Amino acid sequence: MARYAMVIDTTKCVGCQDCVIACETENNVPEGYCRDWITTATSGKFPTVQLEIRSERCNHCSEPPCVTSCPTGASHIHDVGGVVLVNHDECIGCKACLASCPYDARFIHPDGYADKCTFCIHRVEKGEDPACVSVCPTHCMHFGDLDDPESEVSKLLKERKYHTNLPEAGTGPNIYYLI
Amino acid sequence: MLELTTTRHNELIDPFFHAWGWEIPVYLFLGGLVAGMMIISGYFLFSGRYKETDCSCYYLPRLSFIFLSLGMLALFLDLEHKQYVWRLYTTFRVTSPMSWGSWILILVYPVLIANMLLRLPETTKQKIPLLKKISDKMNSSHNLIRNIGVINMFLGAMLGMYTGILLSSLGARPLWSTSILWLLFLMSGLSGAAAFVHLIAKNVYERELLAKADNGFLIIELFVIMLMIIGLVVSTQVHKEAAMLLLSGRYAAVFWVFVIFIGILIPLLLQLLAVNHKIHHTPLAPILVITGGIILRFVIVYAGEYSHWFIVK
Ligand code: SF4
Ligand code: SF4
């Protein structure tokens, strides 16, 4: 069993939005929508403030509430890598999954179904990296299998400090931010 | 201090989550109202009041049928991928309250029909003799009628609870993640239904009984709202902020004026005076209760959608 994850080095990310454009191009994301985005977090008290720039998307949670709340099974965990996906022709567009995602990672595609990041599973299954990872000019994004101790992502998480977003929501997010 | 800015700009999601419009509060209100009406008419069947010719248990099922269908229409209108609606009924997802709800609704219809068959309009009896035969047969068994009453009460309670559980299962919205929401919606459904029957009942005894019952439901509802808010305020920061949306924030004016004062306190006062024969029964009180019930659903749905874990500026 594989457990796909993304590890993003926030000390290298400059918020250039290449990942956003790459995703929109690769996945034909309709104009005005995005499956990934840039969040800028400023914390602390002036003048000692800290800035973190993050490329965010669906966290492909290990305990995904979007899957448990879906009444039709359209939202599901893929057999490979624990990736959370939506079967478009099973989705009724009830928006329960949108309401259950604490990250607001989903949206309704203009064709009516729930949509979000797929970890570019169509590329990953061919042995390629997700589009966003493959274009990052600062090489701050890494994709791989956490169940493989020799994978780049496993090693990075062993060597570096990191955080996830909203671990307190209890969904088990699989996007890790190196700090 | 933490300040977040995002480049995300998805429709229905940003700047704050607002995926559910008027359809869901209307669906939840009508579902709750029908739940209350089923419990009341079920109780009248069970307790033998059905022997009275003007018992409301004979026309409530017909009205419930119409209200439930309108509620389901509202739900259908909210779906974004309408052509696949049938997918709801090709599977049962035990973890999804919405799946439970769609199957409960399917069970409710035959029970309402069974209830309607007990008292058929004369024209229907003449036109469809088979229905008359079934109706006569049903009416000959006191036990069967009592059992229909029990099933009505049971399914009505399930339906009323489900309308609250649907929201409280969505932990991503702090205002909804309170395990008491099912009780609030069940009580509000019961008080709305009691008010509605009070408003339309032909039988004076029923009107008096339901005004008294409604006072009880309103007091419990007020108590449940209080417990819900206390539960949120003593929880995490995000839950506290969610409660503040109702107490002093964005939705406070509507909550205090329309839900608490106009929807609960004023009708409670009017009905207490009426049942103690200080004033005459007035249709104003039940109308206010019903209005408050509708607005409660809107406030809870909208404020819940607005409540969030992240503070995005
Ligand atoms: S981030 Fe949201 S959409 Fe993605 S798996 Fe987690 S709960 Fe589901
Ligand atoms: S919108 Fe689609 S994927 Fe989301 S819960 Fe409803 S049916 Fe499932």
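This is a predicted model: local features need pLDDT of at least 70, side-chain atom pairs count only at pLDDT 80 or more; totals for chains, interfaces and linings use all residues.
How many residue pairs are in polar contact between chain A and chain B? Let me begin there: the count is 26 residue pairs with both members at pLDDT 80 or more, a polar contact being a pair of N or O atoms within 3.5 Å where, within protein, one must be able to donate a hydrogen and the other to accept it, and where residues adjacent in sequence count only if both atoms are side-chain atoms.

Residues are numbered from 1 along each chain as its sequence is written, chains are lettered from A and ligands numbered from 1 in the order in which they are written, and side-chain values use heavy atoms, with hydrogens and water left out.

Staying with the two chains, 45 residues of chain A and 37 residues of chain B take part in the contact, where contact means heavy atoms within 4.5 Å. The buried area, which is the accessible area (1.4 Å probe) that two parts lose on being put together, summed over both, is about 3600 Å² here, and carbon and sulfur atoms give 58% of that. There are also 3 salt bridges between chain A and chain B, each a side-chain nitrogen of Lys or Arg within 4 Å of a carboxyl oxygen of Asp or Glu; one of them joins Arg173(B) to Asp104(A), with the closest N and O atoms 2.7 Å apart.

On the side of chain A that touches chain B, the largest share, 8 residues, comes from S2(A), strands being DSSP runs (E, at least two residues) numbered from the N terminus. S2(A) also pairs with strand S1 of chain B, residues 2-6, in the antiparallel sense over 5 bridges, pairing requiring at least two bridges found by DSSP. Thr39(A), for instance, stands opposite Thr6(B) in S1(B).

Chain A also has an open sheet of 4 strands in the order S8-S1-S10-S9, with mixed pairing. Its edge strands are S8 (141-145) and S9 (162-163), each of which pairs on one side only. Within that sheet, S1(A), residues 4-9, and S8(A) pair in the antiparallel sense over 5 bridges, and Met6(A) has Phe143(A) as its bridge partner in S8(A).

Finally, the ligands: the residues that surround ligand 1, with a heavy atom within 4 Å, include Cys58(A), His60(A) and Lys116(A), whereas ligand 2 is surrounded by 13 residues, the closest being Cys70(A), Ser75(A), Cys91(A), Cys94(A) and Cys97(A).
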